[in-house]
Amino acid sequence: MLSIGHRGAAGYAPENTIAAVEQGIRLGAQWVEVDVYCVEGELIVFHDDRLERTTNGTGLVMEQSFEYLRSLDAGDGQQIPTLQEVFDTIAQFRSLIGINIELKGSNTAEPVAAFLQHQSVEHALSLPKLLQRNLLAVSSFEHSQLQQLHQLNPAIPLGALFWGLPPEGPGNAIAIAQALSAQSINLRHDTVTAAIISAAHGAGLKVWAYTVNDPQDLSRMRSLGVDGVFTDYPGRVSGHVSS
Ligand code: G3P
Ligand code: MG
């Protein structure tokens with residue numbers, strides 16, 4: 001079961017910061033997940049649509065300037081990182097770490113496709129290397145963004161996120177993921193059942209579950225055969241640390 005640090009590794013350092021990414025990898029995350037907005041053409045790593053919960057700023061993220069966002073304290077003196085800074089941070093580690101970019105907002109597909117495309121071939125996280133090693137996924141609750149991304153670059157592996165299962169039932173989640181050409185369905189852990197895993201696997205889709213922090217939930221995911229878990233505490237999955 002893949003251990004995916006959620007928002008870097010939000011259990012160990014302020015979420016979606018470089019400190020969280022570093023600490024998550026140190027404690028055994030095999031992948032890291034970060035949330036991404038595009039503000040003034042810049043890709044920044046941030047979760048909420050507002051600034052108050054995690055920074056000393058105020059207002060809607062999308063209504064701010066990039067300069068203002070970069071001036072804020074995102075916790076413990078950490079800056080809101082750019083996606084490029086996250087890539088550069090991951091590149092410093094010798095182990096091969098995967099990256100799940102979650103598209104937030106409705107204007108991220110195009111800049112993320114361009115960002116990946118323009119990453120230098122010398123970079124440890126260049127698009128050809130990530131694809132060859134199967135270390136990249138782009139996910140979103142906004143399926144239209146995934147559709148757009150797929151049109152821009154069909155080689156990029158996609159994860160279809162679901163908050164709850166569609167009212168039509170689990171089969172519909174699988175049909176939606178297949179229509180998007182996604183490689184995985186990314187489900188809230190309490191909605192994961194043996195039946196949906198078996199149906200997803202039968203359809204050639206992986207199942208990634210979020211956000212799995214409680215050790216009992218982690219063992220449930222493991223025994224059900226979930227392929228990957230987003231967790232604030234990747235050390236609990238890797239066995240590096242129990243906290
Ligand atoms: O991708 C898994 C998880 O990050 C989705 O929920 O709200 O934490 O971005 P959220
Ligand atoms: Mg996320």
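Okay, a definition before anything else: "buried" means under 20% relative accessible area, "exposed" means over 50%, and partly exposed lies in between, with a 1.4 Å probe and protein chains only. By that rule Asp-35 is buried, with a relative accessible area of 1%.

Some housekeeping. This is a predicted model, so local features need pLDDT of at least 70 and side-chain atom pairs count only at pLDDT 80 or more, while totals for chains, interfaces and linings use all residues. Residues are numbered from 1 along each chain as its sequence is written, chains are lettered from A and ligands numbered from 1 in the order in which they are written, and side-chain values use heavy atoms, with hydrogens and water left out.

So, back to Asp-35. What does Asp-35 coordinate, together with Glu-33 and Glu-102? That's the magnesium ion, ligand 2, with Glu-33 (OE), Asp-35 (OD) and Glu-102 (OE) at 2.0 to 2.1 Å. Donors here are N, O and S atoms within 2.8 Å of the metal (3.2 Å for Na, K and Ca), and water is not among the atoms, so sites may look incomplete. Along the sequence, the donor spacing reads E-x1-D-x66-E. Asp-35 sits in strand E2 (residues 31–39) and Glu-102 in strand E4 (residues 98–103), 67 residues apart, so that pair links distant parts of the chain. Helices (H or I, at least four residues) and strands (E, at least two) are DSSP runs, by the way, numbered from the N terminus. Glu-102 is buried too, at 5% relative accessibility.

Next, helix H4, residues 109–118. Its buried residues are Ala-109, Val-112, Ala-113, Phe-115 and Leu-116. They cover an arc of only 160° around the axis, so they lie on the same side of H4; the arc is taken from the directions from the helix axis to the C-beta atoms. Turned away from that buried side are the exposed Glu-110 and His-118.

Which residues of H4 and H6 make their contact? On H4 it's Ala-109, Glu-110 and Ala-113, and on H6 it's Gln-145, Gln-148, Leu-149 and Leu-152, where contact means heavy atoms within 4.5 Å.

Last stop, helix H7, residues 170–179. Ala-173, Ile-174 and Ala-177 are buried there, and since their arc is only 95° around the axis, they're on the same side of H7. The buried residues of H7 pack against strand E6 (158–162), strand E7 (184–188) and helix H8 (194–202). After H7 comes Ser-181, with a positive phi near 60°.

Notes. Axes fitted to C-alpha atoms, helices over the stretch in contact; angles between N-to-C directions.
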